[in-house]
Amino acid sequence: LGMQQIHVGQEMIGKISAAGQLMQCSASLDVLFLVDGSYSIGKGSFERSKHFAGKLCDALDIQTDRVRVGMIQFSSTPHLEFPLDSYLTKQEVKERIKRTVFRGGSTETGQALKYILQKGFPGGRNSSVPEVLIIISDGKSQGSTAMPAMQVKERHITVFAVGIKFPRWEELHVLASEPPERHLLFAGDADDAANGLYSTLSDPVCTATAPGCKVESHPCERRTLETVKEVAGTYVCWKGSKQPNAVQASLCPFIRWKRVLIKHPSRCFRTVCPDPCDSQPCQNGGTCVPEGLDRYHCLCLLGYGGDAHCAAKLSLECSVDLLFLVDSSSGVSLEGFLRFKAFLKRFLQAVVGQDSPMSVGVAQYDDDVKIPIELGPHKDPFSLMKSIDALNFSGGGTLTGRALLYIAQHGFRSTPVFADVQDDLPRVVVLLTDSKSQDSVAEAAKYAKDQNLFLIGIGSSFMRAELTTVTGNPQQTIVYSDPQDLFNRMPELQRKICSVGSPEGCQAQSLDLAFAVDASSGVGLENFLRLRHFVRSSCLHFVINRDVTQIALVTYGSRAHTVFALDTHTSNSAVLQAIDQVPFLGDSASAGSALLHVFSDVMTVQRGARPGVNKVVVLLTNGGGMQDAAVPAQQLRHNGILVFVVVVGDVERDMLLRVAGSPTYLVHISSYEDLQYYQGLIIERICEEARSPVNLCKPNPCMNQGVCILGPGSYRCQCHGWEGPHCETRVVRGDSPRSPALPPRSHVQWSPRGLQHFSRALQHSKRQ
């Protein structure tokens, strides 16, 4: 229960706590702790009292000629723990407070105060310096405290009464110096109590506050937990009898005891220091982190950090031909068109300059298309901004499909002098629209992409579906929630523009990747085509060749079929063409047989798997036939092959987790339409695995029951009845020539460059 509550916001509570940790007192001062060690406190609260006393010592400059500290523990009788002149360093005092042992007994606060009146401050400087008495108690004294408390204060001793456990504030109020609201504290919140104590001492005893800090008054409430009696009801009771054969009964009250909180409204005085983050210096969603009282630093969002205050950090260091296609139809309204112009200006101001390697153009459309700013280098940002300012709102119909066709045919035309020269720079179209198209965009977008145009769509959230149709990939779509959010998306646009021409996948990390696709009747033809399209678009994110990424595809119903092995295709175009030809099977599903097939017939050296390369299997399914998949999945993981499970539909999660092995490698999607939105996440997880350390002997690269023996940066195969680097050649009697590859016990040294050589050598061995 909160025995004290300051009625301020959480931010102010944080400031009070922070100021309490920064305050210091370096005056000549005698401080005596009078700590309640009675049974009403108990050992637990006594330990908290010790912690509070040690916390206060952190802010005291304890030296012979500065602050001296002593302690008395009281219960039935007072006991001097240590006088003020015993320990003259902060560390010694805190260590001695920690060693103080709880004594127990009754609560005789009055006797303890009389002891101080008789003995003074033991080891103190006899009132030649200010004296501060800090009483830490629950205020439940068994004798009167009013008279001795008044006599102590008459000796000009400053008395702080600090409540602990469930304090009785009325008695502590009597103990504290005037004004009591500045001398009453609660030890339950040590930082707040330290702030309150030093706020009171700062004038005139200590110079505790830092420059710029000030003491403020706040409404607060202190609470006392009391046990009171209340009438709970009545019961029939016997009242005696006046006649021998008669009984007199009556209703008697039934009393019960109840614990209640009694509230004491008050004022609390606390020091608050100016926070360097109060002025909100960090822009663009940056988080201000204070460093002391006058310094701070900003934690900036990705893409912001151009300066210390999180200005937009944009630079198009990629070489592209960039054309903005801006919707100027009546659907976006004049306000929306002006917003797009402002976005264009701010984005291009940040990225265009003398050193910019890109060419920029701007087109606008309604039911017609114009290119007012032809594609070109535009090294002068000022003239480019003037050209953008000159763009006028037209307000016709919204024919986005027609505009895309026009741009694909005329937006990137070479100048007549170089008409016969085709530059190889990626061509990027950024579509800015906030109005549904009145004509079809699908065919126009496909035509544009066939012309090798990279499409990026920007619009508000209700445009998401149409923009995804235009771009063909939700990863190339940017949606914003409100006008300001549009400007916050500039770094995201910069990243998407510069991702053209460089795969977003695993950044040229070597990887053997197999897709196992459910082609059973439970999935159905239409959904199978969606899964096939997902595999196809995922392959676009990888560099496919012998040295970087190899991809295999397995489809399955009741049995699994290898569509193509890891070493079948050595280019992206060949893989994409093969995926387009994959047929639907339409049988019952067995995911277990598919995973077993991947283990024994796909992820093997004989089928093109490369030792020293991470291996991943992506299982795409509707969850049917998963009952037999857990054991083969575990076998794959045991051999160093990650199993990533992508499930569409309503399936029991526990069973899926047994197959995936971890929630990290399970993606559960509600519908096939949503599959595209998870592609980025799935590829990111696959690439994390591609960057992880690899065990050269998992899966076993040795054929024909050979044993893989791991060495430093290498491995060797121990063969029985076979020879060759991977036990691929049978030993024959006589002088038959041996495989020219390597001696039977030779080491195979792994390196990325050596993978292609290894693969070709293996193909040669298989032909032999």
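Leaving aside residues up to four places away in sequence, Val-231 touches Pro-253, Phe-254 and Ile-255, where contact means heavy atoms within 4.5 Å. The model is a predicted one, with local features needing pLDDT of at least 70, side-chain atom pairs counted only at pLDDT 80 or more, and totals for chains, interfaces and linings taken over all residues. Numbering runs from 1 along each chain as its sequence is written, and side-chain values use heavy atoms, with hydrogens and water left out.

Val-231 sits in strand S8 (residues 214-240); helices (H or I, at least four residues) and strands (E, at least two) are DSSP runs, numbered from the N terminus. With 59% relative accessibility, Val-231 counts as exposed, on a scale where buried means under 20% relative accessible area, exposed over 50%, and partly exposed in between (1.4 Å probe, protein chains only). Val-231 and Arg-256 are 25 residues apart in sequence, yet their C-alpha atoms are 6.5 Å apart in space.

On to the open sheet. Six strands make it up, in the order S14-S13-S12-S15-S16-S17, with mixed pairing; two strands pair if DSSP finds at least two bridges between them. Strand S14 (369-376) and strand S17 (477-480) are the edges, and each has a single partner strand, so one side of each has no neighbour in the sheet. From one strand to the next the twist averages 15 degrees; axes here are lines fitted to C-alpha atoms, for helices over the stretch in contact, and angles run from 0 to 180 degrees between N-to-C directions. Helix H10 (residues 400-410) packs on this sheet, touching S12, strand S13 (359-365), S14, S15 and strand S16 (453-460). The direction of H10 makes about 35 degrees with that of S14.

Within the sheet, strand S12 (residues 321-327) and strand S15 (residues 427-432) pair in the parallel sense over six bridges, and Leu-323 stands opposite Val-429 in S15. S15 and S16 are also parallel, over six bridges, with Ile-458 in S16 as the bridge partner of Leu-432. Between S15 and S16 the chain passes through helix H11 (residues 442-450), a right-handed β-α-β crossover; right-handed means that, with the strands pointing away from the viewer, the path from the first strand over the helix to the second runs clockwise. S16 and S17 pair in the parallel sense over four bridges, and here Ile-458 stands opposite Ile-478 in S17. The chain gets from S16 to S17 through helix H12 (residues 464-471), and this β-α-β crossover is right-handed. Eight of the eight residues of S16 are buried, so the rest of the structure largely encloses this strand.

Helix H14 (residues 490-498) is largely enclosed too, because seven of its nine residues are buried. Those buried residues pack against S12, helix H8 (333-351), S15, S16, S17 and helix H13 (483-488). Among them are Met-490, Leu-493 and Ile-497, along with Glu-492 and Lys-496.

Helix H7 (residues 190-201) is mostly covered, with 12 of its 12 residues buried. These include Asp-191, Asp-192 and Tyr-198.

In helix H16 (residues 572-580), the buried residues are Val-575, Leu-576, Ala-578 and Ile-579. Seen down the axis of H16, they fall within an arc of 165 degrees and so line one face of the helix, the arc being that of the directions from the helix axis to the C-beta atoms. Ser-573 and Gln-577, on the other side of H16, are exposed. Cover for the buried residues of H16 includes helix H15 (525-539), strand S19 (549-556) and strand S20 (560-564).
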